[in-house]
Amino acid sequence: MLDWNRINELRGEVGDDEFQLILELFLDEVEGVIMRLSRCDALRLETDLHFLKGCAWNLGFAEFGTLCDTGERKAAGGRPAEVDLESLLASYSASKQALMRQLDAALHPDRRARRA
């Protein structure tokens with residue numbers, strides 16, 4: 001679901017504070033585009049999925065990026081009705097939750113110790 005090698009690589013390149021800012025920006029931009037996804041306009045859907053794919057792969061949302069890529073190709077082929085938006089949204093949500101849990105544990109190990 002998530003490419004932890006990519007996530008850790010990016011965290012290492014920019015540091016945890018900057019990574020959190022990048023993550024916030026990513027989530028804001030992605031969620032703005034997700035809210036307007038529609039199968040009614042194939043070109044718009046293709047463009048939006050291309051954008052989402054790039055964001056996803058840059059930040060390590062591997063499964064979500066792959067689903068965006070598949071949907072982008074279907075929309076580009078004139079088959080927007082075949083784009084599985086429900087699976088795409090579910091993948092994004094699950095990936096986001098998994099990332100947040102893991103990052104919270106990595107950035108705040110003392111919280112985990114207090115729960116035990």
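A crossing of two helices is left-handed if the near helix is turned anticlockwise from the far one by less than a right angle, and right-handed if clockwise. Keep that in mind. The model we are looking at is predicted.

Start with helix 2 and helix 3. Their crossing is left-handed. They pack at an angle of about 160°, with their axes 10 Å apart. Angles over 145 degrees count as roughly antiparallel, so helix 2 is roughly antiparallel to helix 3.

Which residues meet here? From helix 2, they include Phe-19, Phe-26 and Val-33. From helix 3, they include Phe-51, Leu-52 and Leu-59. By class, this contact of helix 2 with helix 3 has twelve nonpolar, no polar and four charged residues.

Now helix 1, residues 4–14, against helix 2, residues 16–36. The angle is about 120°, and the axes are 7 Å apart. Helix 1 and helix 2 are therefore oblique to each other. Their crossing is right-handed. Helix 1 brings Ile-7, Leu-10, Arg-11 and Val-14. Helix 2 brings Asp-16, Glu-18, Phe-19 and Ile-22. By class, that is five nonpolar, no polar and three charged residues.

Last, the core. The largest nonpolar core has 28 residues. Phe-26, Leu-52, Phe-61 and Phe-64 have the most contacts inside it. Helices 1, 2, 3, 4 and 5 each supply at least two residues of this core. Which helix gives the most? Helix 2, with seven residues.

Look at Leu-52. Set aside its neighbours within four places in sequence, and Leu-52 is in contact with Val-30, Val-33, Ile-34, Leu-37, Phe-64 and Cys-68.

Key. Residues numbered from 1 in each chain as written. Predicted model: local features only at pLDDT ≥ 70, side-chain atom pairs only at ≥ 80, totals over all residues. Heavy atoms only, no water. Axes fitted to C-alpha atoms, helices over the stretch in contact; angles between N-to-C directions. Helix = DSSP H or I, 4+ residues; strand = E, 2+ residues; numbered from the N terminus. Parallel < 35°, antiparallel > 145°, perpendicular 65-115°, else oblique. Contact = heavy atoms within 4.5 Å. Nonpolar A, V, L, I, M, F, W, Y, C, P; charged D, E, K, R; others polar. Core = buried A, V, L, I, M, F, W, Y, C linked by side-chain atoms within 4.5 Å. Buried < 20%, exposed > 50% of the residue type's maximum accessible area, 1.4 Å probe, protein only.
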